[in-house]
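Hello,

Here is the structure I promised to pass on. Have a look first, and then read on for what turned up in it.

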Amino acid sequence: MIDTTRITEPCPYCGEPETNIAIRPSRKGGHTAQCPTCGARSGNGNTPAEAITAWNRRF
Ligand SMILES: [Zn+2]
């Protein structure tokens with residue numbers, strides 16, 4: 001079962017632990033998950049949960 005409400009994947013670029021990935025408002029009016037160390041971001045989501053899903057799916 002996939003938990004879509006939590007970041008489950010670490011950053012693929014710098015290895016930042018998934019617990020440190022932050023959800024931020026995006027300029028498009030939605031939300032995006034972003035690595036605080038290297039700045040890698042997920043796709044845009046309308047809600048924080050969607051941003052998390054995008055991060056987990058992308059990586
Ligand atoms: Zn990173």
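Glycine 43 is partly exposed, since 15 other C-beta atoms lie within 10 Å. For the cut-offs: a residue is buried with 20 or more other C-beta atoms within 10 Å of its own, exposed with 12 or fewer, and partly exposed in between, the C-beta atoms being placed from the backbone. You will find glycine 43 in the loop between β2 (31-34) and α1 (48-58). Leaving out residues up to four places away in sequence, glycine 43 touches Ala54 and Arg58, where a contact means that the two C-beta atoms, placed from the backbone, lie within 7 Å. Its C-alpha atom is separated by 9.8 Å from that of serine 26, 17 residues apart along the chain.

**Before you go further**

Please keep in mind that this is a predicted model: local features need pLDDT of at least 70, side-chain atom pairs count only at pLDDT 80 or more, and totals for chains, interfaces and linings use all residues. Residue numbers start from 1 along each chain as its sequence is written. The pLDDT (the predictor's confidence in each residue, from 0 to 100) averages 90 over the protein chain, and 92% of the residues score at least 70.

**Overall fold**

The protein chain has one helix and two strands, in the order β-β-α along the sequence. Both kinds of element are DSSP runs numbered from the N terminus: helices are H or I with at least four residues, strands are E with at least two. The radius of gyration is 10 Å, close to the 10 Å that the globule rule gives for 59 residues, so the chain is as compact as a globular protein of that length. That radius is taken over C-alpha atoms, and the rule is 2.2 Å times the number of residues to the power 0.38. Buried residues make up 22% of the 59 residues.

**The hairpin**

β1 (22-25) and β2 pair in the antiparallel sense over four bridges; for strands to count as paired, DSSP must find at least two bridges between them. Across the pair, arginine 24 stands opposite threonine 32, and proline 25 stands opposite histidine 31. The two strands form a hairpin with five residues between them, and glycine 29 in the turn has a positive phi of about 95°. Glycine 30 also sits in the loop between β1 and β2. With 16 C-beta neighbours inside 10 Å, glycine 30 is partly exposed. Asn44, Gly45 and Asn46 are touched by glycine 30, not counting residues up to four places away in sequence.

**The core**

Which residues make up the largest nonpolar core? There are eight: Ile7, Cys11, Ile21, Ala33, Cys35, Ala51, Ile52 and Trp55. Its largest share, three residues, comes from α1. A nonpolar core here is a set of buried Ala, Val, Leu, Ile, Met, Phe, Trp, Tyr and Cys residues joined through C-beta atoms within 7 Å. In soluble globular proteins, nonpolar side chains tend to be buried together. The buried residues of α1 are Ala51, Ile52, Thr53 and Trp55, and they pack against β1 and β2. Isoleucine 7 touches, among others, Ile21, Ala33, Ile52 and Trp55, not counting residues up to four places away in sequence.

Best wishes
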